Amino acid sequence: GATHPCLRVFGSCKMGETCPFVDFPAKACLMFLKGRCRFGAKCIEKHYRRDSSTGTIVPVQEAEGPQEPRIPGRHPCVRVYGYCMQGANCAYAHLPEQSCVMYLKGKCRFGDSCKEYHVSDQELAAVRQMIWASSAA
């Protein structure tokens with residue numbers, strides 16, 4: 001990747017060829033790749049993802065919804081707080097990193113107008129079960 005989103009946005013990349021975004025087109029939305037784009041379909045930059053079955057870079061169709069974490073170890077806690085004390089044992093570790101942490105805690109005040117991803121009722125019930133099981137152990 002002679003040119004990738006970091007180079008376009010910052011002019012350089014500290015990670016060089018080891019950057020997780022090195023294979024993405026320069027026009028890719030860097031904030032989307034990091035799981036932080038707030039504009040969705042209205043974003044002026046292109047949204048891409050890595051296809052999990054082929055490994056190729058493909059454009060995101062907005063109807064697809066949030067994507068799985070792009071950086072290993074990234075999940076909602078890491079995106080919001082920069083780290084996670086629970087690490088791989090975190091009940092949120094398997095969720096897309098764009099998931100609303102406040103919703104997961106039952107405290108999102110934005111409801112349906114929230115810009116972050118709200119997991120399904122089934123996913124939320126499973127997360128709460130995991131939290132309950134780990135606290136009972």
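Trainee: Where is Asn89 found?
Mentor: Asn89 sits in the loop between α3 and α4 (101-104). Bear in mind that this is a predicted model.

Trainee: Is Asn89 buried or exposed?
Mentor: Exposed. Asn89 has a relative accessible area of 67%, and the cut-off for exposed is over 50%.

Trainee: How far apart are Asn89 and Met130 in space?
Mentor: Their C-alpha atoms are 9.9 Å apart. In sequence, Asn89 and Met130 are separated by 41 residues.

Trainee: Step back a bit. How many helices and strands does the protein have?
Mentor: Five helices and two strands. From the N terminus, the order is α-α-β-β-α-α-α.

Trainee: And what share of the residues is buried?
Mentor: Of the 137 residues, 34% count as buried. The protein exposes about 8,700 Å². Carbon and sulfur atoms supply 56% of that area.

Trainee: What about contacts between residues 24 or more positions apart?
Mentor: They make up 31% of the contacts with a separation of 6 or more.

Trainee: New topic. How many salt bridges turn up in the whole structure?
Mentor: Three. Take Glu45 and Arg8: their closest N and O atoms are 3.1 Å apart. Glu45 lies in the loop between α2 (30-33) and β1 (48-50), and Arg8 in helix α1 (residues 5-10), so the pair ties together parts 37 residues apart in sequence.

Trainee: How accessible are Glu45 and Arg8?
Mentor: Glu45 is partly exposed, at 28% relative accessibility. Arg8 is partly exposed too, at 36%.

Trainee: Which residue does Arg50 bridge to?
Mentor: Asp23. The closest N and O atoms of Arg50 and Asp23 are 3.7 Å apart. Arg50 is in strand β1 and Asp23 in the loop between α1 and α2, so this pair links parts 27 residues apart in sequence. Arg50 itself is partly exposed, with 34% relative accessibility.

Trainee: And what does Asp51 pair with?
Mentor: Arg49. Their closest N and O atoms are 4.0 Å apart. Asp51 and Arg49 are both buried.

Trainee: Where is Cys6 found?
Mentor: In helix α1. Cys6 counts as buried, at 7% relative accessibility.

Trainee: What is Cys6 in contact with, leaving aside neighbours within four places in sequence?
Mentor: Gly11, Ser12, Cys13, Cys19, Phe21 and Leu30.

Trainee: And how far is Cys6 from Val22?
Mentor: 8.2 Å, C-alpha to C-alpha. Cys6 and Val22 are 16 residues apart in sequence.

Trainee: Phe21 was among the contacts of Cys6. How many aromatic pairs does the structure hold?
Mentor: One. Phe21 and Phe24 form that pair, and the geometry is edge-to-face. The centres are 6.4 Å apart, with 70 degrees between the planes.

Trainee: Are Phe21 and Phe24 buried or exposed?
Mentor: Buried. Phe21 has a relative accessible area of 4%, and Phe24 is at 5% relative accessibility.

Trainee: Last one, the surface. Which residues form the nonpolar patch?
Mentor: Val80, Tyr81, Tyr83 and Met85. Together they have about 470 Å² of accessible area.

Trainee: Where does Tyr81 lie?
Mentor: In helix α3, residues 76-81. Tyr81 is partly exposed, with a relative accessible area of 41%. Patch residues must be over 30%, so Tyr81 clears that cut-off.

Note on methods
Residues are numbered from 1 along each chain as its sequence is written. This is a predicted model: local features need pLDDT of at least 70, side-chain atom pairs count only at pLDDT 80 or more; totals for chains, interfaces and linings use all residues. Side-chain values use heavy atoms; hydrogens and water are left out. Patches are made of residues with over 30% relative accessible area and no salt bridge: like charges are joined within 9 Å, nonpolar side chains (Val, Leu, Ile, Met, Phe, Trp, Tyr) within 5 Å. Accessible areas come from the Shrake-Rupley method with a 1.4 Å probe; for residues, only the protein chains shown count as cover. A salt bridge is a side-chain nitrogen of Lys or Arg within 4 Å of a carboxyl oxygen of Asp or Glu. Helices (H or I, at least four residues) and strands (E, at least two) are DSSP runs, numbered from the N terminus. Buried means under 20% relative accessible area, exposed over 50%, partly exposed in between (1.4 Å probe, protein chains only). Contact means heavy atoms within 4.5 Å. Rings of Phe, Tyr and Trp (its six-membered ring) pair if their centres lie within 6.5 Å; planes under 30 degrees apart count as stacked, over 60 as edge-to-face and the rest as tilted.
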